[in-house]
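Please open the model in your viewer and keep the selection tool at hand.

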Amino acid sequence: MVDHRRLGRELDLFDSDPLIGAGLPFWLPGGAAARHAVESYLYELERRAGYRHVHSPALGKRQMYEMSGHWRNYAEDMWPSMRVGGDELVLRPSQCPHHALIFKSRQRSYRDLPLRIAELGPMYRSERSGVIGGLGRVRSIQLNDAHIFCARDQVSAEVAGVLRLMREAHAALGFEPSSYRLSLRGEGGKYAGDDAMWDLASALLREALDGVDYSEAPGEAAFYGPKIDVQIADPLGRESTLATIQVDFHQPAAFDLEYVDARGGRSRPVMVHRSLVGSMERLFGHLIEVHRGAFPVWYAPVQLAVLPVGEEQDGAARALAAAAVEAGLRAEVHAEGSIGARVRAVAERKIPYGGVIGSREAPDGLVALRHRDGRQVPARPVAAALDEIREAARPPRSR
Ligand SMILES: [Zn+2]
């Protein structure tokens, strides 16, 4: 069975150390390179879809979380607060309050809406030691997050737009969700806001899900509103939530957000919380398992391994790797050990392309490419081989 924890360590993607702490994995250069490619792709996808990216701090005052409702409804997932000077600071468990205050930091008009604020930023949750492990559940989280501030009559179109963008991102990354779930309010008092607000938010999400096959899950909503959960399954068939869309009337009221409407009056925006692919941690845990470590070329940690057959071809191999790096690819030279062992190692590392340079190729500036699937291409000029790899390494773009 494919286990992302074992494979992630074998492929030098991520690891952990008891001295850093449980649930606090670190990304090795290979994993960090793959993640950077995915983050850049997401940034571009969002930019073209009208999102505005921001940066905000991973800390905030306790008072802010009391206003947002986190302090009352979400305390068990938060780290204890820290006293610094006269302030009481909290590591943020989500980015919503920061983005609400970014909205509030400028006067907004109906012409600014929908305002889509995005950030791939850190947040921290105090997951109990029993449930943490690998990349699936961690205490330090990098979430692909955004909050759409819009008028009430824009919510359905915005949610539908997020669903389309999600499908595009999932297809580009090479996976399909296992199911869609509409998570609703359950029994108990851990929910903020009134009944009318919950009914309206749930109705808006149902409308956006028209034509989608989904199940309803009472008791799985966020404390501030219902949500669409996009589920993934691990190799044992256990489901977890990767991506979400949430409709929230509560936090805009809690922070007294408003905009100038078309009649010159004051109106309150709705907040749509969304993540296209969830946290980088859970996403990569899933991608490692789905692809068995053989990522699509565009986010493979190393895209080309250059293999000089003998020492005499070292110079040509280094020149090719340097040209590949210059062309924007991730390439390295593998020169240690027998050529057979190196070819096998390239396959075991799941590197998409091996470029063999022997005594026949080097004098004429040629390279013989071996594809990850075992296909071998006759030797041809280095520039043509690099063009092929660059084409394959381009992230998919449907629009
Ligand atoms: Zn949020």
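The stops below concern a sheet and then a metal site.

The model is predicted, so local features need pLDDT of at least 70 and side-chain atom pairs count only at pLDDT 80 or more, while totals for chains, interfaces and linings use all residues. Residues are numbered from 1 along each chain as its sequence is written, and side-chain values use heavy atoms, with hydrogens and water left out.

Select β4 (59-61) and β5 (82-84), the edge strands, each of which pairs on one side only. Strands here are DSSP runs of E with at least two residues, and helices are runs of H or I with at least four, numbered from the N terminus. Two strands pair if DSSP finds at least two bridges between them. The open sheet of three strands has the order β4-β6-β5, with antiparallel pairing.

Within β6, leucine 89 is the bridge partner of methionine 82.

**The zinc site**

Now select the zinc ion. Which protein donors does the zinc ion have? They are Cys96 (SG), His147 (NE2) and His273 (ND1), at 2.1 to 2.3 Å from the ion. Donors are N, O and S atoms within 2.8 Å of the metal (3.2 Å for Na, K and Ca); water is not among the atoms, so sites may look incomplete. The spacing of the donor residues in sequence is C-x50-H-x125-H.

Cysteine 96 lies in helix α5 (residues 96-104) and histidine 273 in strand β15 (residues 270-275), so the pair ties together parts 177 residues apart in sequence.

Finally, colour by accessibility: cysteine 96 is buried, with a relative accessible area of 3%, and histidine 273 is buried, with a relative accessible area of 3%. Buried means under 20% relative accessible area, exposed over 50%, and partly exposed in between (1.4 Å probe, protein chains only).
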